[in-house]
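Colleague: I have a model open and would like to go through it with you. Could you take my questions as they come?

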Amino acid sequence: MVGFKLKEKMRYVMMVPYFDINLPRRWALLAHEVGHILWNHISSDTKEKVLSELRKMIIRLTREPKDALYYVSMWERCWLPELFADGVGVSIGGVAYTMQFGNEVFCASPRSSWKYKDPYHPPPEVRIALQLEILKQSDVWKEEFEYLREEWKKFSHSALDEELSYPFDREILRFVNSAIIRITESVRVATKFWNDVIKLKQSLREGKIAFHGPLLVYAIGVLGPDWEPPYEIYEAIAAG
């Protein structure tokens with residue numbers, strides 16, 4: 001369970017699944033849940049500007065006119081908030097968020113059946129494409145970006161260069177990605193502390209815990225699966 005304060009007298013609690021408690025590598029994904037909370041605090045005017053244009057595009061591009069209202073509803077209620085939460089996730093967690101998101105997709109979705117059946121979330125190739133677009137904005141993790149891009153292309157040829165899954169039309173996605181990148185700019189903090197994360201990553205590799213606090217979550221998130229977190233790491237994270 002994680003608690004934090006967004007504004008004075010406003011506190012939020014996020015529940016971590018029991019399965020994840022002993023997997024601190026996955027904790028970088030909590031930034032996605034922060035994104036859902038922030039979505040509820042975006043001004044109605046800002047949301048409406050995006051949604052108004054999005055509705056027009058959906059109606060124009062939907063193959064079957066009778067499906068337009070359904071897709072408008074899904075974008076408004078589900079897909080746009082989910083993509084916004086991913087945008088916040090990568091803005092706060094940087095490449096650690098995308099690495100762990102990718103690990104989830106690679107492990108949970110065999111190549112032969114990876115296309116999502118879940119109607120409430122955009123498919124993984126749409127979500128990864130947005131995250132890579134945000135990571136591309138900074139040279140801080142240029143090397144990691146190229147690695148992630150190549151790994152994802154191996155996993156799915158449709159991730160960046162082929163046709164994306166209908167109804168996630170390319171024109172719609174370009175517009176949505178652009179809007180999310182613009183709106184999340186104010187929370188794009190990961191670049192500011194990433195040098196510290198790299199130093200922490202190196203010290204953890206050497207068996208040292210040189211810092212106490214939540215930045216350890218991101219350092220753990222970019223360590224490879226061969227690194228086993230010592231028990232002391234939980235106390236070090238909580239001590240921050």
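Colleague: Let's start with T98; which helix is that in?

Modeller: T98 has its place in helix 3, which covers residues 68-108. Bear in mind throughout that this is a predicted model.

Colleague: And is T98 buried or exposed?

Modeller: T98 has a relative accessible area of 1%, under the 20% cut-off, so it counts as buried.

Colleague: What is T98 in contact with, leaving aside its neighbours within four places in sequence?

Modeller: The contacts of T98, with those neighbours left aside, are V90, I128, Q131, L135 and L148.

Colleague: Then on to helix 4: how many of its residues are buried?

Modeller: Helix 4 is mostly covered, with 11 of its 12 residues buried.

Colleague: Changing topic, how do helix 2 and helix 6 pack, in angle and axis distance?

Modeller: Helix 2 (residues 44-61) packs with helix 6 at an angle of about 175 degrees, and their axes are 10 Å apart. That angle is over 145 degrees, so helix 2 runs roughly antiparallel to helix 6.

Colleague: Which residues make the contact?

Modeller: From helix 2 the contact takes in T46, V50, E53, L54, M57, I58, R60 and L61, and from helix 6 it takes in E171, I172, F175, V176, A179, R182 and I183. By class, the residues of this contact comprise 10 nonpolar, one polar and four charged.

Colleague: Staying with helix 6, which of its residues are buried?

Modeller: In helix 6 the buried residues are I172, L173, V176, N177, A179, I180, I181 and I183. The helix (residues 170-183) has 14 residues and reaches 20 Å from its first C-alpha to its last, close to the 20 Å expected at 1.5 Å a residue.

Colleague: What happens at the start of helix 6?

Modeller: There, a side-chain oxygen of D169 comes to within 2.8 Å of the backbone nitrogen of E171. D169 belongs to the loop between helix 5 (142-155) and helix 6, and it is partly exposed, with a relative accessible area of 28%. The C-alpha atoms of D169 and T62 are separated by 8.9 Å, although the two residues are 107 residues apart along the chain.

Colleague: Now W227, where is its place?

Modeller: W227 is in the loop between helix 8 (215-221) and helix 9, and at 9% relative accessibility it counts as buried. Its side chain reaches the backbone oxygen of L204 at 3.3 Å. Not counting residues up to four places away in sequence, W227 touches R25, L204, R205 and I220. W227 and R25 are 202 residues apart in sequence, and their C-alpha atoms are 9.8 Å apart in space.

Colleague: And A236, what does that touch beyond four places in sequence?

Modeller: A236 touches I209, F211, H212, G213 and L216, once those nearby positions are not counted. A236 is found in helix 9 (residues 232-239), and it is buried, with a relative accessible area of 2%. A236 and H212 are 24 residues apart in sequence, with a C-alpha to C-alpha distance of 4.6 Å.

Colleague: To finish, how many helices and strands are there in the protein?

Modeller: The protein has nine helices and two strands, and from the N terminus on its elements run β-β-α-α-α-α-α-α-α-α-α. Of its 240 residues, 48% count as buried. Among contacts between residues at least 6 apart in sequence, 68% join residues at least 24 apart.

Note on methods: Residues numbered from 1 in each chain as written. Predicted model: local features only at pLDDT ≥ 70, side-chain atom pairs only at ≥ 80, totals over all residues. Heavy atoms only, no water. Helix = DSSP H or I, 4+ residues; strand = E, 2+ residues; numbered from the N terminus. Expected span 1.5 Å × (residues − 1). Buried < 20%, exposed > 50% of the residue type's maximum accessible area, 1.4 Å probe, protein only. Polar contact = N/O pair within 3.5 Å; in protein donor to acceptor, adjacent residues only side chain to side chain. Axes fitted to C-alpha atoms, helices over the stretch in contact; angles between N-to-C directions. Parallel < 35°, antiparallel > 145°, perpendicular 65-115°, else oblique. Contact = heavy atoms within 4.5 Å. Nonpolar A, V, L, I, M, F, W, Y, C, P; charged D, E, K, R; others polar.
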